[in-house]
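Subject: Structure handover and findings

Dear colleague,

Please find below the structure that I am handing over to you.

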Amino acid sequence: MCCDLKRRFLLLYATQKGQAKAIAEEICLQAGAHGLEADMHCLSEMDKYNLETEKDPVVIVISTTGTGDPPDTARKFVKKIRDKTLPPDYFAHLQYGLLGLGDSEYTFFCNGGKTVDRLLQELGAQHFYDTGLADDCVGLEQVVDPWIDGLWLALKEVFLLQKEKEDMSNNVNAAPLVEHEINLSSEIRNLKLEDEGVRSSDVSSQKLVDINVVVSATDDEPSLVHSVPPISQSALNIPALPPEYIEVQFQDTHGENPHLSSLISEGTTFKVPISKASQLTREDAIKTALLLELDISDTAFAYQPGDAFCVVCPNNASEVEELLHILGLAERGEHFVCVKVKQDTKKKGATRPQHIPERSTLKFILTWCLEIRAIPKKAFLRALVECTSNAGEKRRLQELCSRQGASDYTRFIRESNVCLLDLLHAFPSCRPSLNLLIEHLPKLQARSYSVSSSNLYQPGKLCFVFNIVEFPACPTRPVSRKGVCTGWMAELVAPLLHPNKNSLDPKGGSSPTEEISIFARPNNTFHLPSDPSVPFVMVGPGTGIAPFIGFLQHRQKLREEHTDWEFGETWLFFGCRHQDRDYLFKQVHYLTFCVCFLENGTLTHLKVCFSRDSSTAEVAPPKYVQDVIRLYAKDVARVLLKESGYFYVCGDKKHMADGVNDAIVDILSMEMEVDKLEAMKTMAMLREAKRYLQDIWS
């Protein structure tokens, strides 16, 4: 029926950590089954597409990074379409559909996608398909899968309308318009039937033995490895098998691995020594917080208080060894491998992933290049099905990647933080090839941390604070684990924390200085007010206090150097569980804090609370920072409304930042004597003016 329709569409993606690219590749993969051809490019590859002359429909998949920013690969594109000199009909010819990725844990949910969507609309572009906004907090697939399912019909309707217009303009003896409309509606109905047929053809009719294996289990509760009716007895819609495109050739053990800096595209890397380390919490605290000091005096690394920076970290060495053992490659870890694109691959436009060196040792790739702790995507599970010999295990993997198994995937894979090693233990007959790991595991990302110092106060030093992340054992993860980066750094600095216990020198000499590689990730907004006379409020419970130490150090140095300047008042709201166990910076001898900052006037007001300490007071003290803030409602309102001050929040999103936001809205409503809606509008204005600023994480 539609065999002569123009079936090409332009597929653009912008990704920060690989999710948007993976989804775009899935769209590209499915397109062929629907008789369509996706011309796929990254938004940054502006020399390979031209929206100014694009006549075919455009599909855009874009993520969000930072505090609502488009990903780095979209910055140039966004800057271009933000040009105020462009006319409002600049993209009037353009038809597009957009899928935005984000996390509702953050304030500016899907703002990268929303920004591009709004700018395209302002330049006259038209939607041919409704915008989708996928939430990583509850599972991207809950929006992504149905959005992709509906995309094909929307695209085909665009092509059909284009064909009708061409026929009408080319045929001088065209039938009356009514007849064309009848034919068009008939063809669209046929398209819907055709599209449903394509989708139903994806249903995998499982062999009876597969179902019997699952049903015969005695456990009535579903788990990672076990399903229950109805899914255990259902035919399944499973994704198309992604074509393999990587070829790995083993070589000898001679050569050198690439320098770590070659793996980083985000900026210049600096290898710097760890000069000091301190544990800020007591041994019996629920979380262990460490403070590290880096010596950057011999580098060109520059920062401002409030900036972040990234630490280049490896995967856990024992997990890498375990993975090599399971893959049957334990003896070949030090062998060099050459990674190339398969010559006969069916994947269109296949290239070697940028984060994979063309030649390096196998252990180097698994240690420094691949995120082996990543939660496996459904496409990876689908590929693992083909590497699994046991019928019951194969069936369960099919269920977990199927449309029918979406809730099981969310519960047992996503929410349980299952990684590849967990899967290989749970499904012991699964033996993936090395090329599949390279194809499906994302890039090992550097970890970001807030600077906790001032280069003005401590020249040549950079300090930061972190909690050692702990993942306890659970049914889907038989062993406990520490965070990839925080666990690694804790091991590195153990000799500095316990010099006698961990010294490598039997004669009691000092331990060798450890070094780490870092690169800058400047924050464009989370900085001190440019006018020192402007007052500001800081809210930083737990390790959220980190950037404010840098703020106060910087402010103290400015006060010493500029005695004639006027300085605004400063407030700090801090909270932790126990006053005697995890009151961070209370007794750190080389970082002057509470008493000194208060005594010299750098810090005007310090308000603290302790959520787990019991109290014998007649009126219980507030437990959380948002509760303490409410006690000083008039002061907070004065700083924000009358004195045009700034308000900074740093720390956990779910359990703190939302509560602080609600407290400020209530304070504004009460002090301005307006309803909550008006207070929320004022709050939005403060955010827009960059006077309510957040550095938060989930």
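The protein chain contains 22 helices and 24 strands. Please note that this is a predicted model. Of the chain's 698 residues, 52% count as buried. Among contacts with a separation of 6 or more, 78% are made by residues 24 or more positions apart.

The average pLDDT of the protein chain is 87, and 86% of the residues score at least 70. Over residues 1–6, however, the pLDDT is below 50, and the model gives this stretch 13 contacts beyond near neighbours in sequence. Residues 173–182 also stay under 50, with six contacts beyond four places in sequence. Where pLDDT is low, the predicted coordinates should not be read in detail.

Leaving aside neighbours within four places in sequence, Leu 323 touches Leu 366, Ile 372, Leu 420, Leu 421, Leu 424 and Leu 437. In soluble globular proteins, nonpolar side chains tend to be buried together.

The second largest pocket may also be of interest to you. Its volume is about 370 Å³. The pocket is lined by 22 residues, of which Asn 315, Asn 316, Ala 317, Ser 318 and Glu 491 are the closest to its centre. Two or more lining residues come from each of α7 (317–326), α8 (362–369), α12 (420–426), β18 (481–482) and α14 (484–492). By class, the lining consists of eight nonpolar, eight polar and six charged residues.

Finally, some points of backbone geometry deserve mention. Pro 229 and Pro 230 are joined by a cis peptide bond, with omega at about 10 degrees. Pro 230 belongs to the loop between α6 (208–215) and β8 (236–237).

Ser 644, although not a glycine, has a positive phi of about 50 degrees. This serine sits in the loop between α20 (633–642) and β23 (646–652). Because its relative accessibility is 41%, Ser 644 counts as partly exposed.

Lys 690 is not a glycine either, yet has a positive phi of about 60 degrees. The loop between α22 (676–688) and β24 (692–697) holds Lys 690. With a relative accessible area of 46%, Lys 690 is partly exposed.

With kind regards

How values were computed
Residues numbered from 1 in each chain as written. Predicted model: local features only at pLDDT ≥ 70, side-chain atom pairs only at ≥ 80, totals over all residues. Heavy atoms only, no water. 1 Å grid on protein atoms, 1.4 Å probe; cavity = no way out; pocket = protein on both sides within 12 Å on 5 of 7 lines; lining within 4 Å. Points joined across faces, edges and corners; volume = space filled by probe spheres on them. Helix = DSSP H or I, 4+ residues; strand = E, 2+ residues; numbered from the N terminus. Nonpolar A, V, L, I, M, F, W, Y, C, P; charged D, E, K, R; others polar. pLDDT = per-residue confidence, 0-100. Contact = heavy atoms within 4.5 Å. Buried < 20%, exposed > 50% of the residue type's maximum accessible area, 1.4 Å probe, protein only.
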